[in-house]
Amino acid sequence: QVQLVESGGGLVQAGGSLKLSCAASGSIHTILGMGWYRQAPGKLRELVATTTRGGSTNYADAVKGRFTISRDNAKNAVYLQMDSLKPEDTAVYYCNADLLALGSSWSNYWGQGTQVTVSS
């Protein structure tokens, strides 16, 4: 059984910082792409940032220059450093990964989500 577990969400004032972490656990063979998505109330889930196994990154325009995605392949983990937070960043943030589990096929997995609230 593969699980993605996020941590690091919380309440922060505008202009502040938070760092989200996500660790994949279970019978994992290989992880390729990992990323972060978010969903605000009444809105669709949207991409925040993604990273390949080799370290290439991609960001949504709304977070470029403020958020930094990184990963530790040895730990099967991905991180999201969020700086200069704005109230519009308030959302549930979800970790996502494309991975190959032992004895299985390539699948896409989601974490349970962590709440980020930015007060003005």
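R38, E46, R66 and D89 are linked in a network of salt bridges, where a salt bridge is a side-chain nitrogen of Lys or Arg within 4 Å of a carboxyl oxygen of Asp or Glu. Bear in mind that this is a predicted model: local features need pLDDT of at least 70, side-chain atom pairs count only at pLDDT 80 or more, and totals for chains, interfaces and linings use all residues. Residues are numbered from 1 along each chain as its sequence is written, and side-chain values use heavy atoms, with hydrogens and water left out.

Let's walk through that network. The side chains of R38 and D89 meet at 3.0 Å, N to O. R38 sits in strand β4 and D89 in the loop between β8 and β9, so this pair ties together parts that are 51 residues apart in sequence. (Strands here are DSSP runs of E, at least two residues, numbered from the N terminus.) D89 also pairs with R66, at 2.8 Å, N to O. Since R66 lies in the loop between β6 (57–59) and β7, that bridge ties together parts 23 residues apart in sequence.

How buried are these charged residues? Buried means under 20% relative accessible area and exposed over 50%, with partly exposed in between (1.4 Å probe, protein chains only). D89 counts as buried at 1% relative accessibility, R38 at 7% and R66 at 11%. The structure holds four salt bridges, and one of them joins K64 and D61 at 3.1 Å, N to O. D61, by contrast, is exposed, with a relative accessible area of 65%.

Now for the nonpolar side. In soluble globular proteins, nonpolar side chains tend to be buried together. A nonpolar core is a set of buried Ala, Val, Leu, Ile, Met, Phe, Trp, Tyr and Cys residues joined through side-chain atoms within 4.5 Å. The largest one here has 30 residues, of which W36, V48, F67, L80, M82 and Y93 touch the most other members. Strands that each supply at least two residues include β3 (18–25), β4 (28–39) and β5 (46–51), but β9 gives the largest share, six residues.

Take L80: its contacts (heavy atoms within 4.5 Å), leaving aside neighbours within four places in sequence, include W36, V48, F67 and Y93. L20, in strand β3, is buried at 0% relative accessibility. Not counting residues up to four places away in sequence, L20 touches W36, L80, M82 and Y93, among others.

Over in strand β5 you'll find T51, buried at 4% relative accessibility. Its contacts beyond four places in sequence include L32, M34, I69 and V78.

Conventions:
Helices (H or I, at least four residues) and strands (E, at least two) are DSSP runs, numbered from the N terminus.
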